[in-house]
Amino acid sequence: MKKHNPKFKIFLKIPSFIKNQVMSYPNDSLDNSEYPMKFEVLQKCSRSKARLSKLTLPHAVLETPQFMPVGTQGALKGVLPSQIRDLNCNLILGNTYHLGNRPGTCILNQAGGLHKYMNWDGALLTDSGGFQMVSLLKLAKVTEEGVSFQSPHDDSMMMLTPEKSMEIQNSIGADIIMQLDDVVSSTLDDQDRMEEAMLRSIRWLDRCIKSHKRKKDQNLFPIVQGGLNMKLREQSVKELVKRNTAGYAIGGLSGGESKDDFWRAVSLSTDFLPLEKPRYLMGVGFAIDLIVCVALGCDFFDCVFPTRTARFGCALVDEGQLNLKKNTFSTDEKTIDENCDCFTCKTYSRAFLHMLLNSDEVTVCQLISIHNVAYQMRLMRRIRDSIRNDTFPEFATNFINRFYLSDTSKKTNAKNIPDWVIEALKSVNIELI
């Protein structure tokens, strides 16, 4: 019997394409009624672009705006699947690159997909693997065919193509899957390369649509690109909308660009995306960013931030973060957050967590991770409730004022609120000052 090799391989050869050409494959998209997903806008904010929606996926029904914790290899670091369920979280993200390498498609197929493999009955979203190709790997080279890179395991050269990304994601079986895109830094000055990446991503989308084998089970989202060039980003959105996919992701941001550039790119993207389709903003997880981007019309988000910052001893609260390693918490018998009903807050004090952190006890990372994920879930629930009651502008204003509260005056100091926050919300009729 032939041994299965779980590593990526070059498996498709295609001719070179003329630079800046957009490929035209036959449209293999489904009609809206045939997507394995239903998206219903339940309530719109009367002033901003925020909306409350119901998203029905093959494995879960949830309301948006929603935050997705990141389970890179089918697990959140430090949090058990049962604990995730207890936090009323039913949509998490998995990583195609890592899952494609380990356990690989053969084992995933034998297990019946990632849901069964990790014993998760909620919904899953997988990225395409493109970001990891460029950001994490040595000698990554992008061509029209795909991304060639050096294996982190044996230094051999490998290739990820749109077709291979679809093959891996079809094996994973996530409810929502991403196209493979040509990822470049948002701060790149080379506009020719930015345009090339945007147009190539459109061509790769057509190849993803064509090679996607489970259209009745999985929803394929394209990714808006174009960096901070508003003309390119508008062109990208308009081309993607022609493909009539189930929903859309907004990518190419959260890569070190200024916040002023960030919010303008997000807002332009949502201005041109269809109102009746979900919008997923990739790589966003800070509380202020979430509130601003909900106001700008985004529906769901993902980020490693809540669990990553927990591993450094930082707990999330409305005022920002508590660094529980600091000595000021050594005798603090309060819980992390008196308004939080997670296991950690119901059970342990800040002083106890401080002691564990300074004893290098690994259990504390799990305890703070549970709280941080619970905090994100509760923040999004409060956002949804405010949209439902048409009080989102007031909620956003009160939250931001509290976040930037001046310690000395106990009043919000307007100088403390970043200009980008003020301008972003002002653009959607929410006046902070």
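Before the first stop, a definition: rings of Phe, Tyr and Trp (its six-membered ring) pair if their centres lie within 6.5 Å, and planes under 30 degrees apart count as stacked, over 60 as edge-to-face and the rest as tilted. What you are looking at is a predicted model, where local features need pLDDT of at least 70, side-chain atom pairs count only at pLDDT 80 or more, and totals for chains, interfaces and linings use all residues. Residues are numbered from 1 along each chain as its sequence is written, and side-chain values use heavy atoms, with hydrogens and water left out.

**Stop 1: the aromatic rings**

Select Phe395, Phe399, Phe403 and Tyr404, which form one aromatic cluster. Helices (H or I, at least four residues) and strands (E, at least two) are DSSP runs here, numbered from the N terminus. In general, an α-helix has 3.6 residues a turn, so residues three or four places apart point the same way.

How many aromatic pairs does the pairing rule give? The count comes to eight. One of them is Tyr348 with Phe352: the ring centres are 4.9 Å apart and the planes are at 15 degrees, so this pair is stacked. Phe399 and Phe403 are stacked too, because their planes are at 20 degrees, with the centres 6.4 Å apart.

Buried means under 20% relative accessible area, exposed over 50%, and partly exposed in between (1.4 Å probe, protein chains only). Tyr348 is partly exposed at 25%, and Phe352 is partly exposed at 30%. In the other pair, Phe399 is buried at 5%, while Phe403 is partly exposed at 24%.

**Stop 2: helix 9**

Select residues 259-272, which make up helix 9.

Lys259 lies over the face of Phe262, at 5.1 Å from the ring centre. The rule for a charge over a ring is that NZ of Lys or CZ of Arg is within 6 Å of the ring centre and within 35 degrees of the ring normal.

Which residues of helix 9 are buried? Phe262, Trp263, Ala265, Val266, Ser267, Leu268, Ser269 and Thr270 are. To see what covers them, bring up elements including helix 8 (230-242), helix 10 (287-295) and helix 16 (419-426), along with strand 12 (223-224), strand 13 (248-250) and strand 14 (279-281).

**Stop 3: Asn372**

Move to helix 14 (residues 363-388) and pick Asn372. Is Asn372 buried or exposed? Its relative accessibility is 0%, so Asn372 counts as buried. Leaving out residues up to four places away in sequence, Asn372 touches Pro306, Thr309, Ala310, Cys314, Ala315 and Leu316 (a contact means heavy atoms within 4.5 Å). Zoom in on Pro306: the side chain of Asn372 reaches its backbone oxygen at 2.9 Å.

**Stop 4: His212**

Select His212, in the loop between helix 7 (191-211) and strand 11 (219-221). His212 is buried, at 6% relative accessibility. What does His212 contact beyond its neighbours within four places in sequence? Met166, Asn170, Ile177, Gln218 and Leu220.

Asn170 and His212 are joined by a side-chain polar contact of 3.2 Å. A polar contact is a pair of N or O atoms within 3.5 Å; within protein, one must be able to donate a hydrogen and the other to accept it, and residues adjacent in sequence count only if both atoms are side-chain atoms. On the Gln218 side, the backbone oxygen lies 3.2 Å from a polar atom of the His212 side chain.

**Stop 5**

Switch to a backbone view. Thr64 and Pro65 are joined by a cis peptide bond, omega about 10 degrees, and Pro65 sits in the loop between strand 3 (60-64) and strand 4 (66-69). Next, go from Arg102 to Pro103: that peptide bond is cis, with omega near 20 degrees. Pro103 lies in the loop between helix 2 (96-101) and helix 3 (105-111).

Finish on two asparagines. Asn119 has a positive phi, near 55 degrees, and is exposed at 58% relative accessibility. Asn429 has a positive phi of about 70 degrees although it is not a glycine; look for Asn429 in the segment after helix 16.

Notes. Expected span 1.5 Å × (residues − 1).
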